[in-house]
Amino acid sequence: MNSYRSLTEQEITALEQRNCLCSDWSKIQVDTNFDAASVRNVSFSGAIKLGAFRRIFTFPGGVEKRAGLSNATIHNCTIDSDVYINQVKNHIANYHIHSNVVIENVDTIITEESSCFGNGVQVSALNEAGGREITIYNELSAHTAYILAMYRHEPEVIERIQNLIGNYKQSICSPIGTIYEGAQLINCRTIINTNVGAYALVEGVYRLSNGSINSTMEAPSYFGPGVIAENFIAASGSKVSDSALISKCFIGQGCELGKHYSAENSVFFANCQGFHGEACSVFAGPYTVTHHKSTLLIAGYFSFMNAGSGSNQSNHMYKLGPIHQGVVERGSKTTSDSYLLWPAHIGAFSLVMGRHYRNPDTSQLPFSYLIENKDESILAPGVNLRSVGTIRDARKWPKRDRRTDKKLLDFINFNLLSPFTIQKMINGKKVLKALRVSSGPTSDYYMYNSVKITNSSLKRGIQLYNTGIVKFLGNALIKRLEDVIFGSLSELRKSLSKTSDYGDGEWIDMAGLLVPQERVMTLLDDLQKGNINDLDELNERYAMLHDNYFDYAWTWCLRVFREEFDIDFQSVEIDQILSFVDEWKRCVIDLDNMVYADAHKEFTLNTQTGFGIDGSEETRIMDFEQVRGEFEKHPSVQDISNHIREKSRLAEELKERLILLK
């Protein structure tokens, strides 16, 4: 805590000799260790507090500069100890500048009247015409945003959350802006009503207005050259640079927006990336990625999504304004030049290729290919389960988590197979079987929600979904018994009993958080009744839901074992489990072999086209191997082989333990 005093007559004289100006020196208070030699060519006005400036900063290239103030106009500011300020073209006004901050070569840094620094801004996500506004604030999570956008049918809940955000906003609003410890603002133009977090680097920005750049020592944020941002909040560890244009946006932890990216009325959560293209009224759940100049994301909800070049959606087929919206569930991809006419709903982990004008709804048919053929939308259910790309994506996401803050805002479940996706497969099987019954087993094709499914695709989809269901349930069973010692059938049954009363109903993906719907309804009920008193408590509830995932999931698995496979673990016999383990092993190996075959396509003669440009076929093969590697040595291929061996080993070990009980 600084101890301040008034300037002495000698210090005032020394400051004036160093070309400093002030209309009323009595309004300046300084640290007890203040040295007038650290201030030069500065014009002061308003209430001023100054620390002691003794630190030596080392700048790029090894240049050393002593802390202090020079060549600046400063109005109504508190400047803590060991701050370096130099070359302020206009002025710094109404700011608290914490210790170890560097400000050099900036035009203007001001807070005008009372500001909330982006907190409380209404973002019209999903629906351009409004109605699903998300109120952004410093610690907004993807899950709170999901409720605000998607649960408008619960107006009392929405009002309660808005009140909690309002209370938080009031705690932030102030006539004084803040630049926190260790932040650096270098070569910037205009900064208005913007808080800058600890250890953030802000360099070369053109204009920042009404925003907050949250940052910590563990997760510093970066705003770079040419950025124009207004009415925004950036979470810790975010990166916005290269002339990005941001308006009414929340940028989550570990997000990167740059290379002339344009975004308005959009929210981006953990580890999203946006380069070159544009976003308008987008809810970008975790790991939504778009890297291409011609790509537009508009009026949609996305999650774990990769948008190919030229991907586009539109809601222009309207008469009452831009009211249409779309949903692309987690893990989906769009290929180059793909197009979706909203409204549409694409199932989880699907691939969209071509142009689709008939508002497809494939939400109950996950892991599918949606392909255009002669202006028709053709669906191949389940085939993405056997894609090596799908497996690769699921494994890379946890490794690409750029969040380093100790406090994570979004709780992310990375599981490829989960109650959320498996319940979709169960529903998908029922849909496909019902189509076969209604249209006849000999039909050439079947129509479902504006998409065409061929007879062969339908049969294959049922088989693939069944394989995925068995694989997930077997994985859960093996995991449940992995470290459990059981010496009798009764002990085995006990170890397989449920550990939670929740989870056996429908599951939802709440922007990265996989959770039973009944637990969400309980959460909403508690919000409505006022049992959740602040936003921190709300985030703690999300954390609890995330931590209990495996207990909830096992409760769900027990129901599915009973309903789909007639296995009740409270009365199960050893032979039933042995039979299922054999089936699980077969499904795992079959699916891995399909993925293996899919990977091998990347090493065929066709994919070698263009290699060995100046040589023979032998040169082409050698060039391909040097660039792409040998098939058997490729990391993804080795992962598949290892997975087959590991799952086979686990199956045999469990069977040996079970046989001992017979």
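Start with α4 (388-399): with six residues, α4 gives the second largest pocket the largest share of its lining. Helices are DSSP runs of H or I, at least four residues, and strands are E runs of at least two, numbered from the N terminus. This is a predicted model, where local features need pLDDT of at least 70 and side-chain atom pairs 80 or more, while totals for chains, interfaces and linings use all residues. Numbering runs from 1 along each chain, and side-chain values use heavy atoms, without hydrogens or water.

**Second largest pocket.** Select S387, V388, G389, D598 and E602, the lining residues nearest its centre. The volume is about 450 Å³, the space filled by probe spheres set on grid points joined across faces, edges and corners. A pocket is an open set on a 1 Å grid over the protein atoms alone, with protein on both sides within 12 Å along at least five of seven lines; lining residues have an atom within 4 Å of a point.

**Largest pocket.** Now pick N415, L417, N475, F550 and K647, nearest the centre among 30 lining residues. The volume here is about 1000 Å³. Helix α6 gives the largest share of this lining, seven residues.

How values were computed:
On a 1 Å grid over the protein atoms alone, a cavity is a set of points where a 1.4 Å probe fits but cannot get out, and a pocket is an open set with protein on both sides within 12 Å along at least five of seven lines; lining residues have an atom within 4 Å of a point.
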